[in-house]
Amino acid sequence: MSTSIEELEVKPESNGVELPLNIPAITPSLRMRVHDTGDAYISRDIRDKGVWEPAETQFFLDSLQPGLVFVDVGANIGYFSLLASRILGESGQVFAFEPDPVNFELLQTNCAINRCSNVTCCQLALSNENTAGELYLSEFNKGDHTIYKSSEQRESVGIELVRGSDFFSNKLEV
């Protein structure tokens, strides 16, 4: 399942808390809706500081240029997808893959809030095969869901996995 910005709308009843990001290099500034509870890492840091992993964020910003294609695998709530959207501009493309339904809703909402027309949101997991699978959910770290079963007892949700080469075969111009 993929959606473009034209198909998105901001849902006022969506999960989360909306706030501005604190990244001086990005203008106009971005806003994000983050998890209001249940995420002790990404959403908490963005709520507290307005930025996630400042050194990695700066490296990321320095690595991109307008017109590139960026693939965000495990996009979570869209932090790096939003940054890439701004840096790449209208001549660039962002493909944001997030299989978790709750994170995916926030990803879509964040792209809509920021009018990221160059982002395609995909509620899929990239894999080496096209198949159905399970996403094992972390209770306290919404960025630590996995597609493999671990020794931890985790709840899971059914997801769709897609082979990257199949997904991109007709989407990118070379």
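# A guided tour, starting from a parallel strand pair

Select β7 and strand β9 (residues 156–163) to begin: the two pair in the parallel sense over three bridges. Two strands count as paired if DSSP finds at least two bridges between them, and the strands themselves are DSSP runs (E, at least two residues), as helices are (H or I, at least four), numbered from the N terminus. This is a predicted model, in which local features need pLDDT of at least 70 and side-chain atom pairs count only at pLDDT 80 or more, while totals for chains, interfaces and linings use all residues. Residues are numbered from 1 along each chain as its sequence is written, and side-chain values use heavy atoms, with hydrogens and water left out.

**Stop 1: the sheet**

Stay with the pair and pick out Ala 125, which stands opposite Leu 161 in β9. Strands of a sheet pair through backbone hydrogen bonds, either parallel or antiparallel.

**Stop 2: Asn 118**

Next, select Asn 118, in the loop between α4 (101–113) and β6 (119–122). Is Asn 118 buried or exposed? Asn 118 has a relative accessible area of 7%, so it counts as buried; buried means under 20%, exposed over 50%, and partly exposed in between (1.4 Å probe, protein chains only).

Show the side chain and look at what it reaches. It makes a polar contact with the side chain of Ser 85 (2.5 Å), and it also reaches the backbone oxygen of Gly 89 at 2.8 Å. A polar contact is a pair of N or O atoms within 3.5 Å; within protein, one must be able to donate a hydrogen and the other to accept it, and residues adjacent in sequence count only if both atoms are side-chain atoms. Leaving aside residues up to four places away in sequence, Asn 118 touches Ser 85, Leu 88, Gly 89, Gly 92, Gln 93 and Val 94, where contact means heavy atoms within 4.5 Å.

**Stop 3**

Most residues other than glycine have a negative phi, and most peptide bonds are trans.

- Pro 28 is in the loop between β2 (17–20) and β3 (31–34). The peptide bond from Thr 27 to Pro 28 is cis, with omega near -10 degrees.
- Glu 53 is in the loop between α1 (42–49) and α2 (54–63). Its phi is positive, near 45 degrees, and Glu 53 counts as partly exposed at 32% relative accessibility.
- Asn 76 is in the loop between β4 (69–73) and α3 (79–88). Its phi is also positive, near 60 degrees, and Asn 76 is buried at 7% relative accessible area.

**Last stop: the whole chain**

Zoom out to see five helices and nine strands, in the pattern β-β-β-α-α-β-α-β-α-β-β-β-β-α along the sequence. The C-alpha trace spans about 40 × 40 × 30 Å along its principal axes. Of the 174 residues, 45% count as buried. Among contacts with a separation of 6 or more, 64% join residues 24 or more positions apart.
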